Amino acid sequence: MVDKFHPKLNAPVDKQLMDTQGFECPRQLLEHIKEDLTPLLSLAQRPVVSANQFSREQLVQLARLAARYETQPQLITRPLTGKILVSAFYEPSTRTRLSFESAWHRLGGDIMSITDPASTGIAKGESLYDVGEMLNHYGDLVVLRDNDASAVYQMLESLRIPIINGGNGADEHPTQAMADIYALLKWRPSLCSAEVDPEQRIQIGIIGVPGRMRTVRSLLTFLSLFADAINEVLIISDEEQPFSEGQRETLEQAGLKLRVGTDLNKELPALDVVYINAIAWLGDNYEELGSRYRLDLSSPLKPDAIILHPLARGQELQRELDDTPHNWYFAQARGAVFMRMALLSSILKMFT
Amino acid sequence: MVDKFHPKLNAPVDKQLMDTQGFECPRQLLEHIKEDLTPLLSLAQRPVVSANQFSREQLVQLARLAARYETQPQLITRPLTGKILVSAFYEPSTRTRLSFESAWHRLGGDIMSITDPASTGIAKGESLYDVGEMLNHYGDLVVLRDNDASAVYQMLESLRIPIINGGNGADEHPTQAMADIYALLKWRPSLCSAEVDPEQRIQIGIIGVPGRMRTVRSLLTFLSLFADAINEVLIISDEEQPFSEGQRETLEQAGLKLRVGTDLNKELPALDVVYINAIAWLGDNYEELGSRYRLDLSSPLKPDAIILHPLARGQELQRELDDTPHNWYFAQARGAVFMRMALLSSILKMFT
Amino acid sequence: MVDKFHPKLNAPVDKQLMDTQGFECPRQLLEHIKEDLTPLLSLAQRPVVSANQFSREQLVQLARLAARYETQPQLITRPLTGKILVSAFYEPSTRTRLSFESAWHRLGGDIMSITDPASTGIAKGESLYDVGEMLNHYGDLVVLRDNDASAVYQMLESLRIPIINGGNGADEHPTQAMADIYALLKWRPSLCSAEVDPEQRIQIGIIGVPGRMRTVRSLLTFLSLFADAINEVLIISDEEQPFSEGQRETLEQAGLKLRVGTDLNKELPALDVVYINAIAWLGDNYEELGSRYRLDLSSPLKPDAIILHPLARGQELQRELDDTPHNWYFAQARGAVFMRMALLSSILKMFT
């Protein structure tokens with residue numbers, strides 16, 4: 001039976017944000033980075049498909065712009081007023097879709113959604129080329145999530161408005177990785193510095209499968225831009241081949257030091273950042289890898305280690321960790337909206 | 001064959017509202033109630049889950065504010081500009097969803113919808129706790145309809161933005177009951193008075209199952225706040241146990257006089273207000289009770305009796321009654337938008 | 001494998017519109033037609049259900065208003081601010097729905113969508129009469145697509161806000177035909193003239209089934225308003241009975257000269273305009289007629305013939321024609337948004 005006199009009904013909702021989600025961290029980040037919109041100007045009217053498109057300076061300035069939005073919730077203007085987003089999610093999603101739609105609404109724009117492939121066009125569907133040609137006249141920007149990894153690239157052929165990859169099969173998810181980087185920079189602003197002290201370098205652990213998780217793939221590319229600030233990235237996976245063909249070599253050539261381990265509890269005590277994900281998309285279905293690796297209060301985490309997870313989570317990340325200082329995954333989700341606002345502002349060259 | 005020269009195609013649509021839907025009734029209500037926003041200030045940032053949360057003064061002031069909106073269609077400002085509603089309807093609905101979305105749009109806000117559980121997150125779905133934590137950063141208010149009655153209570157655990165119960169299983173539907181009260185007060189403003197003359201007291205009949213219909217459950221709770229204005233509430237039902245456990249006792253303790261009858265046509269001639277509903281939600285399906293009780297032109301209604309129905313209707317309320325003065329169910333649907341505007345304005349403390 | 005260094009990722013999207021889609025054509029149309037809003041004033045608050053409702057003057061002024069919108073992308077005001085569109089697509093569609101929603105957003109309005117019949121009301125659904133009565137209070141205009149051709153007419157019985165037919169079964173699709181007329185007038189402004197020179201008259205071919213394709217049905221009605229500008233309309237179809245009962249006679253009585261042919265390649269060399277459609281709705285499914293008739297680079301088109309197609313297309317219109325001057329089907333899709341903006345402005349009598 002439901003409790004009609006539930007204590008939460010008798011008082012205003014508790015607006016108190018957790019420390020990791022308050023204004024202090026983004027404020028510090030603002031102070032730490034000198035504002036320079038120049039790297040962002042080259043993002044104007046550009047598609048965002050792969051993490052490979054970005055430079056370190058662009059990520060740092062996007063993070064700074066996100067921090068400005070995060071510390072200034074009441075925007076002075078609504079710069080995307082009159083602009084239309086086509087929100088095309090052909091694969092189940094709530095987090096990414098709502099995060100993008102929230103960002104677009106906060107900036108004052110309008111949205112048209114396509115969420116159900118069965119309702120698009122004739123039952124058989126038109127070619128992506130024709131869909132792109134149509135969207136040129138109906139919207140100003142497209143966000144696409146599709147379990148066919150090539151769909152977003154196909155649409156580049158006819159699109160004359162920018163498209164953002166919201167997750168393409170097992171390939172990439174660049175804006176999620178941006179949210180991850182934003183969380184890292186808010187936690188440790190010194191990572192932005194041109195030269196990072198050797199003692200300041202961090203040890204990052206990624207529990208997941210780089211070859212088959214789009215969030216991890218994009219994140220590793222971004223981390224390679226900060227290779228000088230990172231001691232080592234440890235991939236914790238018991239797969240025979242955790243990387244896809246050429247992936248490890250490309251990252252190592254960019255300067256990232258990589259290692260693979262299988263024993264989570266043995267590796268945890270040395271990690272400053274623990275990134276965990278348990279969902280891997282395979283074609284048109286997902287694969288849950290949650291049972292083999294698991295973080296909970298008994299995990300031997302370094303006292304000031306932080307945990308990141310793109311969410312949604314299953315058993316791999318236990319709720320008992322939510323109220324500990326390790327929890328940076330909620331801040332990561334919170335920051336995702338501001339990072340997306342920063343990116344959208346830059347692509348449409350409409351800063352508030 | 002369709003008639004290409006249909007008379008309705010040759011003239012502007014007939015904007016004439018029925019008397020029950022015009023400006024006269026809300027205008028009278030405005031004159032009858034002295035404005036006092038104090039009771040509404042305590043609604044600021046509060047979740048709305050159960051009818052038990054409200055006082056009589058709050059309902060009266062909400063009705064007054066709704067009447068102000070109804071008589072003033074061109075709002076002077078759009079007070080919810082920049083605010084985002086998360087419209088989460090996990091159970092089929094058009095009326096309640098469109099009514100809320102219309103109210104939110106009229107106030108100038110933006111909306112993000114989740115209507116299909118299959119498209120939310122991974123197919124398995126995240127915990128409601130995690131969904132609440134996410135929505136804190138993506139929106140400013142949530143409206144939730146779910147056939148799991150406990151879902152809205154579960155979300156209170158992590159939500160730090162207000163949530164409104166749009167119907168939770170068979171449990172409650174507080175905003176529908178608010179629309180019902182608004183209709184009653186527009187019809188009989190004297191019901192608001194501090195002291196109601198014994199001769200002014202009304203006889204209300206409810207054709208339905210209080211134990212299993214959420215609209216009836218919430219309405220009875222609200223009616224108990226006006227017990228001094230009501231002679232008797234007659235439940236017309238042929239169920240063995242029309243009430244749920246403790247429901248009748250709680251209402252009678254609040255001062256409401258209740259009786260159960262089974263013979264509709266015998267009871268009708270004494271009723272001032274006839275409320276009818278035939279749809280009862282049972283878990284994930286509905287049960288239609290329409291065949292046993294039915295209102296039509298042959299029903300022995302008191303000449304100035306009014307009929308209320310939350311709609312959608314089936315055979316239990318015949319269309320031939322639509323053009324009679326008994327029809328207050330269309331006014332009830334119309335008023336629902338203004339009552340929701342009043343509630344939303346109060347929760348977000350942004351009055352126009 | 002996807003190409004991470006795809007050339008299109010390294011530069012801003014190419015905003016270059018094709019000649020047929022640029023500002024020159026609508027600008028010429030503006031100069032060719034003298035502005036006169038009088039014919040549009042009689043559209044205020046009127047439903048739009050059938051092409052039969054329109055006069056030639058109304059189409060010409062709507063086209064002029066559309067051309068004004070097309071050459072003036074940054075609207076000075078957002079005239080539909082505060083107005084709510086109910087976008088009700090009970091039959092699969094993306095083009096028409098997004099085109100209407102884009103038009104409404106450009107004019108500053110808000111939108112509520114119903115796209116999935118299963119989510120409307122109780123699973124059984126309420127009567128269309130009751131849905132219309134509800135929408136009167138929730139929105140300011142309805143666009144309806146339904147595979148039941150009578151649904152839009154049924155809703156006229158209770159609706160007191162305007163409704164636009166977005167395609168009703170196999171019956172009509174007036175706004176698509178408006179987009180077709182707009183494309184024709186942009187291509188050949190002289191067609192608007194009060195008196196068209198006999199040498200200026202055009203030969204139009206329609207590859208389709210007038211009796212069963214709603215786009216063709218509405219278009220033929222509009223073409224009959226320009227009968228003096230048209231030599232002949234040739235229907236290319238190998239059906240026994242391409243027309244529905246009385247359809248041919250009605251059009252011929254309006255002055256349109258019609259002929260039926262079966263040999264596409266024999267007829268093509270004489271056609272100035274080639275309209276092709278291959279999808280016919282039959283009840284709740286579509287029938288694709290694409291294999292028998294087909295346009296490609298080998299088709300013996302007149303050098304300056306133009307091709308129109310409502311899209312989505314299948315094999316009947318080959319992509320190799322896209323980069324030829326025959327391609328007016330992309331311009332047709334582009335113009336559809338502006339023509340709908342013109343119509344919506346007129347119905348709500350809010351011109352920017």
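## About the model

This is a predicted model, in which local features need pLDDT of at least 70, side-chain atom pairs count only at pLDDT 80 or more, and totals for chains, interfaces and linings use all residues. Residues are numbered from 1 along each chain as its sequence is written, chains are lettered from A and ligands numbered from 1 in the order in which they are written, and side-chain values use heavy atoms, without hydrogens and water.

## A parallel sheet in chain B

Let us turn to chain B. An open sheet of 4 strands runs in the order β2-β1-β3-β4, with parallel pairing; strands are DSSP runs of E with at least two residues, helices are runs of H or I with at least four, and both are numbered from the N terminus. Two strands pair if DSSP finds at least two bridges between them. Because β2 (110-114) and β4 (163-168) of chain B stand at the edges with a single partner strand each, one side of each is left without a neighbour in the sheet.

Strands β1 (residues 84-89) and β3 (residues 141-146) of chain B are joined by 5 bridges, and B:L85 has B:L141 as its bridge partner in β3(B).

## Backbone details in the loops

In chain A, L311 sits in the loop between β11 (306-308) and α11 (329-347). A:L311 is not a glycine, yet its phi is positive, about 60°.

In chain B, the peptide bond from B:L311 to B:A312 is cis, with omega near 10°. The bond from C:L311 to C:A312 is also cis, with omega near 10°.
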